[in-house]
Amino acid sequence: MIAVGLCAVASAASGAETTWATVTISSSRDFSPSPGWEKGGRPGHWVYTRDVVKTVPAEGREYPPVVVTQGAAAVDVRPFSDALTSHSSPCEAVQIDRRDVTCAYRSGYLVLTKSTELLHIDTVFGRRESDWIARQLRRDRAEFSRELGEKADPVVLVYLLPWAEGACGTLGGVREGLMLLGISRACVDKEHRPELSHFLAHETFHLWNYIVAPRAGTDPWAMMVLEGGAEWAADLVTSGGQSDQPLATSLADRIFSCASSLAGDTRSAYAIVKAQPSIAYNCGAVYVFEKSIVTFGESNARSRFFSWTRAEVTSAAASSKPAREPTGVASEGAVEATYRGTGNWLDATAAWMSAHGVRVRLDGPPTLSQARRMNIDIVRDVLKNDCAGRYGLYTDGIPRIDPVLKGCRTMSVGGQPVSLNGESLQANPVGAAEAWASACKKGEAVTVRYLDGRQESKPRCSKNGLVPIRTVGIVL
Ligand SMILES: [Zn+2]
């Protein structure tokens, strides 16, 4: 008989405390869970522990192994699935020493809460902030349900990312029936609410489109449908639907941002996205927009996109297994050609869009929103190259996305870059971008200062990146 005892000792809210999650397995067999779990105990009574603070995952395909909030905990028990398979429900195998704690099993996670009602939102923020988050999630779900059909209520755990004061960082993990939403404290401030709202819509959409996920880690088309689709869906929901202007602005920003990420690299957009999946968010949003035009003709952008996504989800549901191929992949066409081709992706895309009745204007310096987006992109790029800074993204001590980061095992969570070579990312993102691009070109180091002001670092850029300073304007 295998017994699993599971306990999460928590006060993750402070961030500073060390919190341990423990899984105890009484078995004659030995288990090898995923890296990060420390094995103790003795044969027949193994105890696996891990530091919850260190379980904040890198941005990418991974989901948090342990999530702890004030009233609930979710533990990824897939590493221990061997121990659980002899039970009809993993919850039956779990011995919980507290009577007021109830258990549910969702998508490989054991969700333990103090409430008897498991279908709830547990959050570490105050009542007003929690209510606001809950309202946003309800609105997003209602909106997507209308377009794509109902989904059962998920368990939603909102946990606090222990990131630096003032920096809004988010991390989402979504599976069938389960949403794990990591949010840093600054995100609930008024100024960051639009960003947070977009994040919540993005993650909510994953309840419908996570189905393409199994291939998303390796296939750029699937990744672009998955993340770009969620981005574009969030744009549609948060733009309010009154006019096409916010959508046009967002699309223009994404074209700009994608082009910025691709510029200076001689490979095709497809190859670059494959090597650097974080680019799939912006490039993917442009991709799904283009695909929805060619797939569904000249109606408005919203119905094109949702029709396409509905077809995608329906075909996957009909075969009752993950979509083998996102729509468009089986018969690659002109859209894919612009991503497969080498040369200037921005010009190719502008030409492609013009041919389909979407007017793209290329000129001038970046607009304010494009400069802001550039700021985010530069920070991401710096993060990938900086082994000394103290950030949240790409850390966890185990860089998982960029193989170049093999040596960056000492990074810890926290901090956020505020300037590059003295150029403020807030006040002068173009200057900061130029400083970064120029250093990349020459293979030089850049001095990075951080929000917490405690230290600076001098990462060396390993990529030949250049940022085009051209406005992208668009008329839908
Ligand atoms: Zn996503």
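These legends describe close-up views of a predicted model.

**View 1**
Three residues coordinate the zinc ion: His202 through NE2, His206 through NE2 and Glu227 through OE, at 2.0 Å. Along the sequence, the donors follow the spacing H-x3-H-x20-E. Histidine 202 sits in helix H3 (residues 193–209), and glutamate 227 sits in helix H5 (residues 220–238). The pair therefore ties together parts that lie 25 residues apart in sequence. Histidine 202 has 4% relative accessibility, so it counts as buried. Glutamate 227 also counts as buried, at 4% relative accessibility.

Histidine 206 belongs to helix H3. Is histidine 206 buried or exposed? Its relative accessibility is 7%, and the cut-off for buried is under 20%, so histidine 206 counts as buried. Its side chain makes a polar contact with the side chain of histidine 202, at 3.0 Å. Setting aside neighbours within four places in sequence, histidine 206 is in contact with Val174, Leu226, Glu227 and Ala230. Glu227, one of these contacts, is also a donor to the zinc ion.

**View 1. Packing of helix H6 and helix H11.**
Two packed helices are described by the angle between their axes and the distance between the axes. Helix H6 covers residues 245–262, and helix H11 covers residues 345–355. Which residues meet here? H6 contributes Ile255, Cys258, Ala259 and Leu262. H11 contributes Trp345, Leu346 and Met353. The residues of this contact divide into seven nonpolar, no polar and no charged.

**View 2. Serine 107 in a loop between strands.**
Most residues other than glycine have a negative phi. Serine 107 has a positive value, with phi near 50°. This serine lies in the loop between strand S8 (102–106) and strand S9 (109–113). At 25% relative accessibility, serine 107 counts as partly exposed.

**View 3. Asparagine 421 in a loop between strands.**
What is the phi of asparagine 421? Phi is near 50°, a positive value in a residue other than glycine. Asparagine 421 is placed in the loop between strand S15 (417–420) and strand S16 (423–424). Its relative accessibility is 42%, so asparagine 421 counts as partly exposed.

How values were computed
Residues numbered from 1 in each chain as written. Predicted model: local features only at pLDDT ≥ 70, side-chain atom pairs only at ≥ 80, totals over all residues. Heavy atoms only, no water. Donors = N, O, S within 2.8 Å, 3.2 Å for Na, K, Ca; no water. Helix = DSSP H or I, 4+ residues; strand = E, 2+ residues; numbered from the N terminus. Buried < 20%, exposed > 50% of the residue type's maximum accessible area, 1.4 Å probe, protein only. Polar contact = N/O pair within 3.5 Å; in protein donor to acceptor, adjacent residues only side chain to side chain. Contact = heavy atoms within 4.5 Å. Axes fitted to C-alpha atoms, helices over the stretch in contact; angles between N-to-C directions. Nonpolar A, V, L, I, M, F, W, Y, C, P; charged D, E, K, R; others polar.
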